[in-house]
Amino acid sequence: MRVLLIGANGYLGRFVADRLLADPAVQLTALGRGDDADVRFDLASGSPGALTRFLDAVHPGVVVNCAGATRGGARELTRHNTVAVATVCEALRRSGCGARLVQIGCGAEYGPSQPGSSTAEDAVPRPGGPYGVSKLAATELVLGSGLDAVVLRVFSPAGPGTPAGSPLGRLAEAMRRAMQSGDGELKLGGLGVQRDFIDVRDVARAVHAASLSAAQGVINIGSGRAVRLRDAAAVLARVAGYGGALHELDGHPGQGPLRATIGHPRSESDHTAPVAYPYPDGCGSWQQADVRTARDRLGWRPRINLEESLADIWMEAACRI
């Protein structure tokens, strides 16, 4: 099976590439903006015609799109997450390869949900920020393309390679700084938010399964369990061997110095500023995936628990000491 992987050098793309390369039946070609891609192509600025010519030359049976942007203004997010997907869909329609498309979506497309609920694929999406809007627009383009396509809505990925700027990455970095400086207490803000964390290696397994299946439409990829960020912090402290006290700041002014705010860049002013909103994904305080469709249609279940994911995040953070 010939697979064209777009975004192989990204956070998710690296693990998807490893998973596909481990399958001896897969012949993988990587397309991206970096010098180490098999083919250099910028989806945000390249034309559908140019991509069509490449598709006709390589003739893949599956195209996996892991490319996209998670940060930036509305214009940048739209260009990398929506316009880029429009280019892929148009190129596939023009091409004679007849490839199946596996598009990586995200849980932020749903927006806020009711605490205690599990979000299924038939929920009406109401994204709460430009990132979720740009990804939802991409999903709608894929679903309306007439292609053989599936969109995997990945909830909150975690594990090795987690970006240092992500909430879990910032949590690990705050703990690393505390241990390095010998602080006996760590003050953190915004730990009340609850998210459905899923290991990136489990995401890669889901992409592999989707590539081989005939499933179409939207399929949630998550653990099926919401975890409070303060509980993730406690697990991280245990795997890191941090014996200090964790103090949560609730965001009201006058609480004293702020050592770290999870989910936002640290600056000099952070030491006296109120706690900022912790999770800039527009999904409010709660998100939990209903993953029954992935089980029933892909034969997929998550295998890696959050403690293992956090241990891998900490291992990478500890190497910076």
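**The open sheet**

Author: Happy to. Seven strands form an open sheet in the order β3-β2-β1-β4-β5-β6-β11, with parallel pairing. Strands pair here if DSSP finds at least two bridges between them. At the edges stand β3 (39-40) and β11 (217-221), each with a single partner strand, so one side of each is left without a neighbour in the sheet. Strands are DSSP runs of E with at least two residues, helices are runs of H or I with at least four residues, and both are numbered from the N terminus.

A word on the basis: this is a predicted model, in which local features need pLDDT of at least 70 and side-chain atom pairs count only at pLDDT 80 or more, while totals for chains, interfaces and linings use all residues. Residues are numbered from 1 along each chain as its sequence is written, and side-chain values use heavy atoms, with hydrogens and water left out.

Within the sheet, β1 (residues 2-6) and β4 (residues 62-65) are joined by four bridges in the parallel sense. One place to look is L5, which stands opposite V64 in β4.

Another parallel pair is β8 (residues 185-189) with β13 (residues 245-249), linked by five bridges. There, E185 stands opposite A245 in β13. Of the five residues in β8, four are buried, meaning under 20% relative accessible area, where exposed is over 50% and partly exposed lies in between (1.4 Å probe, protein chains only).

R19 is partly exposed, at a relative accessible area of 35%. Leaving out residues up to four places away in sequence, R19 touches A204, R205 and H208; a contact means heavy atoms within 4.5 Å.

Now the whole protein: its secondary structure comes to nine helices and 14 strands. The radius of gyration is 20 Å, close to the 20 Å that the globule rule gives for 321 residues, so the protein is as compact as a globular protein of that length. That radius is taken over C-alpha atoms, and the rule is 2.2 Å times the number of residues to the power 0.38. Buried residues make up 54% of the 321. Among contacts with a separation of 6 or more, 80% are between residues 24 or more positions apart.
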